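Subject: Structure handover and side-chain contacts

Hello,

The structure is below, followed by notes on what was found in it. Please read the notes with the coordinates open.

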Amino acid sequence: MADKPALLYFTPEEAGTNAIEFIKHKALGDGMKWMTPKMNRYILPLDVGMMATICSIPGSGKTTNGVALARNYARELIEAGKTDKSVLYITLDQPIENIAVMAMASREHTVTDFHEGKITEKESLKLKKQFTELPLYIFGKSIIDQRPSQPRFTYKNIEIGIRAMEKDAHTTPALIVIDYVQIMPIDGQKGRTEQVTESVYRARELCLGLKVPILLLAQATRESMKERKIKIPMPQDSQHSSAIEQASDVWIGLWRPKVTELDIRSIELLGQSIPVTDNLVIAGLMKQWKKTAGVTFVLHCSGGTLEVADMEIET
């Protein structure tokens, strides 16, 4: 780069031309849609060059929603006839088998059914065929297919893996999901905060360099929410780094009251009493670039089928 300084700037003509082309692209309405109709009314689609974060404490639905969004977008790519595009799910926390099982789940075959071994051989073959047709690629470790020489999942190696996808599978990611960003390995950084900060900035560089939207799944810290009556994570609750909020165009916190309010049957929210159930999830839109934030969504989120729906409540 040092010997090509002209690559550092864009002339007014170049910047203006690029801006008009960008506006034309935005008008197409492409990008990842969100979980429910109400969320899509308030939140812009996650499009090229954009990065979003879904943050929660463990057990509150960030991976469930991450896989659901990835699966839905992969299906949209098929419907749109984009045979050269795919979704890339990077799992650093779970084996790839868990992610694949979640993506296969339905009302007929829940995630629990898979883990309890209730799927017959005939059903397994059918489900495998359906999953194979889905353009959903998974980067991660496997329980079944151990690969001793598998490279470490650094950002550099992820880029190499994406180039290999382009060459071998003739596909490029239209969406990347990173699950979850705080445990992405970063060389050369000693402190945990410095590692996470660098991880977020490298994800942002990947987002812009590959011209692909990235969805970060992030862990929230429990300590900062202990005294709150409404425990929707706030951007400052992201574990280890404020860079997650700073680099994200969209930031959503998820709260599953059943996880934190063990002895409470209902919560008071939005002027109403809402029953606490296993499937109740409260999502807070805490940040959105160039559009309104500060919106709360009351959701029915099934971890068994990966179905997410708006609950009937006036907000």
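Lys62 sits over the face of the Tyr180 ring, at 5.6 Å from the ring centre. Please keep in mind for this and everything below that the model is predicted.

Aromatic pairs

A pair of aromatic rings is described by how far apart the centres are and by the angle of the planes. In this model the count comes to two aromatic pairs. In one of them, Tyr42 and Phe297 have ring centres 6.0 Å apart and planes at 75°; planes over 60 degrees apart count as edge-to-face, so this pair is edge-to-face. Are the two partners buried or exposed? Tyr42 has a relative accessibility of 33% and therefore counts as partly exposed. Phe297 is at 1%, so this residue counts as buried.

The rings of Phe139 and Phe153 also pair, with centres 6.5 Å apart and planes at 45°, so the arrangement is tilted. Here too the pair links distant parts of the chain, although the separation is 14 residues: Phe139 belongs to strand S3 (residues 136-139), and Phe153 lies in the loop between S3 and helix H7 (155-169). Phe139 has 12% relative accessibility and counts as buried. Phe153 is buried as well, with a relative accessible area of 13%; the cut-off for buried is under 20%.

Salt bridges

Side chains of opposite charge can pair when their charged atoms come close. The count for this model is 10 salt bridges; three of them are described here.

Lys118 bridges to Glu116, and their closest N and O atoms are 2.9 Å apart. Lys118 has a relative accessible area of 52% and is exposed, whereas Glu116, at 47% relative accessibility, counts as partly exposed. The cut-off matters for this pair, because exposed means over 50%.

Asp145 and Arg147 form another salt bridge, with an N to O distance of 3.0 Å. Asp145 counts as partly exposed at 38% relative accessibility, and Arg147 counts as exposed at 52%.

The side chains of Glu166 and Arg163 meet in a salt bridge at 3.2 Å, N to O. Where do these two residues lie? Both are in helix H7, three residues apart, which is about one turn of the helix. Glu166 is at 29% relative accessibility and counts as partly exposed; Arg163 is also partly exposed, with a relative accessible area of 42%.

Cavity

Rolling a probe the size of a water molecule over the atoms shows where empty space is left. The structure holds one cavity of 30 Å³ or more, and the largest cavity contains about 30 Å³ of space. Which residues line the largest cavity? They are Ile57, Ser60, Met225, Lys231, Pro233, Leu254, Trp255, Arg256 and Thr260. By class, this lining divides into five nonpolar, two polar and two charged residues. Lys231 and Arg256 are among the lining residues, and Lys and Arg count as charged.

Regards

Technical notes. Residues are numbered from 1 along each chain as its sequence is written. This is a predicted model: local features need pLDDT of at least 70, side-chain atom pairs count only at pLDDT 80 or more; totals for chains, interfaces and linings use all residues. Side-chain values use heavy atoms; hydrogens and water are left out. On a 1 Å grid over the protein atoms alone, a cavity is a set of points where a 1.4 Å probe fits but cannot get out, and a pocket is an open set with protein on both sides within 12 Å along at least five of seven lines; lining residues have an atom within 4 Å of a point. Grid points are joined across faces, edges and corners, and a volume is the space filled by probe spheres set on the points. Rings of Phe, Tyr and Trp (its six-membered ring) pair if their centres lie within 6.5 Å; planes under 30 degrees apart count as stacked, over 60 as edge-to-face and the rest as tilted. Buried means under 20% relative accessible area, exposed over 50%, partly exposed in between (1.4 Å probe, protein chains only). Helices (H or I, at least four residues) and strands (E, at least two) are DSSP runs, numbered from the N terminus. A charge sits over a ring if NZ of Lys or CZ of Arg is within 6 Å of the ring centre and within 35 degrees of the ring normal. A salt bridge is a side-chain nitrogen of Lys or Arg within 4 Å of a carboxyl oxygen of Asp or Glu.
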